[in-house]
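Could you walk me through this structure in the viewer, one selection at a time? I'd like to know what to click on next and what I'll find there.

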Amino acid sequence: MLSMILRRLASAIPSLIGVVIVTFVLTRALPGDPAAYYAGPAATKEAIEQIRVKLGLDKGLGEQFVDYVGALARGELGNSISTGQPVAHELLTRLPASIELTLLGLIFAIGVAVPLGVFAALRPNSWVDHVCRVIATAGVSLPIFFTGLLMIYVFYFLLGIAPPPLGRIEVFYSPPTHVTGFFLVDSLLDGDLGVFLAAVKQLVLPALTLGIFALAPIARMTRASMLSALSSDFVRTARASGLGSFKVVVGYALRNALLPVVTVLGMVFSFLLGANVLVEKVFAWPGIGSYAIEALIQSDYAPVQGFVLVMAFMYVGLNLAIDVLYGVIDPRISMAT
Amino acid sequence: MKSALAHARYVLGDNVVTAFAFGMFALFLVMAAVGPWIVPYDPLANGPNPLEPPSSRHWFGTDQTGRDIFSRVVAATQLDFAIAFASVALAFGAGTLAGIAAGFFGGWWERIIGRMVDTIMAFPLFVLAMGIVAAMGNTIFNIVLATGIINFPIYARVARAEANVIRNAGYIEAARIAGYGETRILFTQILPNIMPIMVVQISLTMGYAILNAAGLSFIGLGVRPPTAEWGIMVSDGANFIQNGQWWIAAFPGLVLMLAVFCFNLLGDGLRDMIDPRRRT
Amino acid sequence: MTPAAPLLEVKNLNVEFRTRAGTVKALERVGFSIGKGEAVAVVGESGSGKSVTAYAVMGILDRAARVTGGKVAFGDLDLLQASETDLADIRGREISMIFQNPRAALNPIRRVGDQIADVLIRHGNVKRADAPAKAVQLLATVGIPDPARRAGAYPFELSGGMCQRVMIAIALACDPQLLIADEPTTGLDVTTQAVIMDLVMELGRRRGMAMMLITHDLGMALEYCNRVVVMHAGHVVETAPTAELFRRPRHPYTAKLIAATPRPGTALRALASIPGAMPNLRNVSIPPCRYSPRCERFGSDCERPLPHFGEGGRMVSCWNPV
């Protein structure tokens, strides 16, 4: 099994190299004068020249690339013009907010989509099946920022049951002691139920929005995979042996059907990480997405590029984790040397 | 051809939803083609009655500078469709050619194109589009380019898989023996065979391209105001939702959703028509 | 003729399939019986409805299938009218089934010992804690070497023959009265085929178990079974004790089948093939005798609805028998 993990790790390396190259090209291949971009719209000619030398933009491209890789290895992602802070530090501080949100959205999506897919597969062409298909198609058709706004309008403005979309926690509460950065975890570690609930309230709408978006591919894959499993030979044997329907559907069919669903999670993460940015803007969520958007408005480029790089690395890491997970839970792979 | 039409009618009759999607698509095409010329108000002109709710005078209401939202939504159809269409054409053209080359010729072609595809797919796609447009500036050309790049892998992969299958099938050898040159084989044998699958992909990708362009506009990386584009209209309207002025964001958002929905249904329907085995 | 009441009696079974292209009458007035401890072979070409009959008996037909008539008597119970709960109790405990392609018929991500234990636990024979040990015992009974270690194996780690032994272990775990074997040796090499069949017969004999062997191989029917039921295109065309069937087949189709079966001493060249093909059951206008288009004994009589001549152990469904 270890060799399988190592092999997967090795196959992720070319992707990482590709990411570094592409982000380098994006930072240096700006049309016009890159130094002017990094110096900012209000810079004088001398300031631009200073930036040029400071960032090494006067050297040859090859040398610049080596410098770039070296800086990355040291964890340096440049500085933000608007805040003056190192980008890497700001991203790190804001990362838990994004992760907490995305994880919750994913959990919600899986929690709804898998049962939906299972029910649709158990009753093909019934109204449940059609509802599942419509929900799935609508889920991908709705622009996620629109869904978010819709949620706010209905649940905050019309019904008044959701809090104002102003971030992770309402002003009356103070954030929990920072241990992990995840408010849900930290507030429980603090033993402060009030803060915990307040954090949950803020998380509900944005997580739901993300979840609705991710529902579709998961539900679709679960349904297709379950249909295939339910009509397989081994399920027929299980039925012929008189095993109870719960055992057959969940123990035999679903367990097998979930394997392809794991593989679809990679694509789901691609959607989610992109959608994260939009949701963070709609709900004023202080994660790395809104950090990048704020920087964009001010023509501050280093944060945006740092953001793209970090997102890509996270995504490669997630895909790797999914690959390894699949290899571990499918005995046909984990046991094959 | 006749049997293809008959089959199409059978599936359409069988599937009301797909017929409906075709109808919507036709309607959108008309809106895109003649929209800007038939709208009641100038989409870019400010008006005297800002923030007016939907009324008989302004069917979708007006926005914060008094512009008629209905006119803007209809006019935006042309821009959004044009962007989507151009990006898909780019992705399809480049992707299909690359994929066929990779699948058919193998060797270095396959390695290099494979690397390109893997590298693009190593990024969460929307984030990559953000990065490209942020780096190169938000012009419509760059939006089209970015959207085209992130959709390139899908076409390359499908084309490569199909070209691989066809390459190993007997009749390529037969064509070679008959003296057809490689390029001729490419165009007469491979291209027609992959077109059905590609058409399905195109329909699905159109929806995705529209969402992408709208998403970029929403975060300020898309078209610039006062251009009428669905995404930027929703972005503008977002500020007013909290005060209850829902119509500014709602109508462009709804129409956007309908357009994407229509393309998704269309794609599903086309997939059914082409290969009933693949019905999801 | 079996003196006691039959263990399983299928009467007038009709099964239809709804397809996009119309309704297919897959089984029409199928009837036969199996006595206690009897081994009955159900033979016919691919598509003759042998497996559909078995699935109908077990109640595991496809969703698109409809049982439109008939009765399947198992003891006092009519399996066609029984509730799903009753059926689930009977499956695996009173009537068991083994399938072809044994590796595909086992859960690929579950250890074989656990799969046997699942059935043991389900039918209440053993306590949860004792099930694994009993499973190992069963593996030994079906002749798997080193059963304790093998119980922890996954199907992909076992050969085809071993997978079939595992399936037999699952099927026999609760000592059923009837075992339905649907082409159990397809996909196995010839030596393994013989070994598996001997194993099944031996285990069956020891437990007084009846068997319904579905096969397209007449040779196997001859070797292992007391009686043969011959099916063609969803009809039972003839039933007879094995020896009699081979000595004196009465239905033209049976005669042709026997002539087409390879036997030692007969050159392959000498084998006669059966002309024509199975009728397309989607056609609306199928003649009452579905063999008539291929039959050389076809006469004007044959357009009438099919008869059933004979009683009990010997039956033929033909107006113009040999």
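This is a predicted model: local features need pLDDT of at least 70, side-chain atom pairs count only at pLDDT 80 or more; totals for chains, interfaces and linings use all residues.

**Stop 1**

Now look at where the two colours meet. Domain 1 of chain C brings 11 residues to the contact, and domain 2 of chain C brings 8 residues. On the domain 1 side, α1 (50-58) and β7 (178-182) of chain C are the elements that give two or more residues. The biggest giver on that side is β7(C), with 5 residues. Colour the domain 1 side by class and you'll get 8 nonpolar, 1 polar and 2 charged residues.

**Stop 1: the mixed sheet of chain C**

Keep β7(C) in view and show its sheet. This is an open sheet of 7 strands in chain C, in the order β6-β7-β8-β3-β9-β10-β11, with mixed pairing. Go to the edges and you'll find β6 (95-98) and β11 (315-316) of chain C; each has a single partner strand, so one side of each has no neighbour in the sheet.

For a look inside the sheet, pick β3 (residues 39-43) and β9 (residues 227-232) of chain C. These two strands run parallel and are joined by 4 bridges. To see one pairing, click Ala41(C): its bridge partner in β9(C) is Val228(C).

Bring α1(C) back as well. This helix packs on the sheet and touches β3, β6, β7, β8 (210-215) and β9 of chain C. Its direction makes about 145 degrees with that of β7(C).

**Stop 2: the antiparallel sheet of chain C**

Chain C has another sheet worth a click. Here 4 strands form an open sheet in the order β2-β1-β4-β5, and the pairing is antiparallel. The edge strands are β2 (22-34) and β5 (77-78) of chain C, each pairing on one side only.

Select β1 (residues 8-19) of chain C together with β2(C): the two pair in the antiparallel sense over 9 bridges. Zoom in on Val10(C) and you can pick out its bridge partner in β2(C), Phe32(C).

**Stop 3: where chain C meets chain A**

The contact uses 24 residues of chain C and 17 residues of chain A. On the chain C side, α2 (84-90) and α3 (112-122) are the elements that supply two or more residues. By class, that side has 15 nonpolar, 4 polar and 5 charged residues.

Chain A itself is quick to describe: 14 helices and 0 strands. Its C-alpha trace spans about 80 × 55 × 40 Å along the principal axes.

**Stop 4: chain A against chain B**

Which pair of chains has the most contacts? Among the 2 pairs of chains that touch, it is chains A and B. In that interface, 39 residues of chain B are in contact with 41 residues of chain A.

To trace the chain B side, select α4 (107-121), α5 (125-136), α8 (182-218), α9 (230-241) and α10 (247-274) of chain B; each supplies at least two residues. The most come from α5(B), with 9 residues. By class, the chain B side holds 26 nonpolar, 11 polar and 2 charged residues.

Before moving on, check chain B against chain C. No contact joins them, and their closest C-alpha atoms lie 11 Å apart.

**Stop 5: a helix pair inside chain B**

Finish with α4(B) and its neighbour α6 (residues 140-168) of chain B. Their axes come within 9 Å and cross at roughly 130 degrees, and α4(B) and α6(B) are therefore oblique to each other. The crossing is left-handed.

Show side chains for the contact. From α4(B), pick Ile113(B), Val117(B), Ile120(B) and Met121(B). From α6(B), pick Ile149(B), Ile150(B), Phe152(B), Pro153(B), Ala156(B) and Arg157(B). By class, this contact has 9 nonpolar residues, no polar ones and 1 charged.

Key. Residues are numbered from 1 along each chain as its sequence is written. Chains are lettered from A and ligands numbered from 1 in the order in which they are written. Two strands pair if DSSP finds at least two bridges between them. Two residues are in contact if their C-beta atoms, placed from the backbone, lie within 7 Å. Ala, Val, Leu, Ile, Met, Phe, Trp, Tyr, Cys and Pro count as nonpolar, Asp, Glu, Lys and Arg as charged, and the others, Gly among them, as polar. Axes are lines fitted to C-alpha atoms, for helices over the stretch in contact, and angles run from 0 to 180 degrees between N-to-C directions. Angles under 35 degrees count as roughly parallel, over 145 as roughly antiparallel, 65 to 115 as roughly perpendicular and the rest as oblique. A crossing is left-handed if the near helix is turned anticlockwise from the far one by less than a right angle, and right-handed if clockwise.
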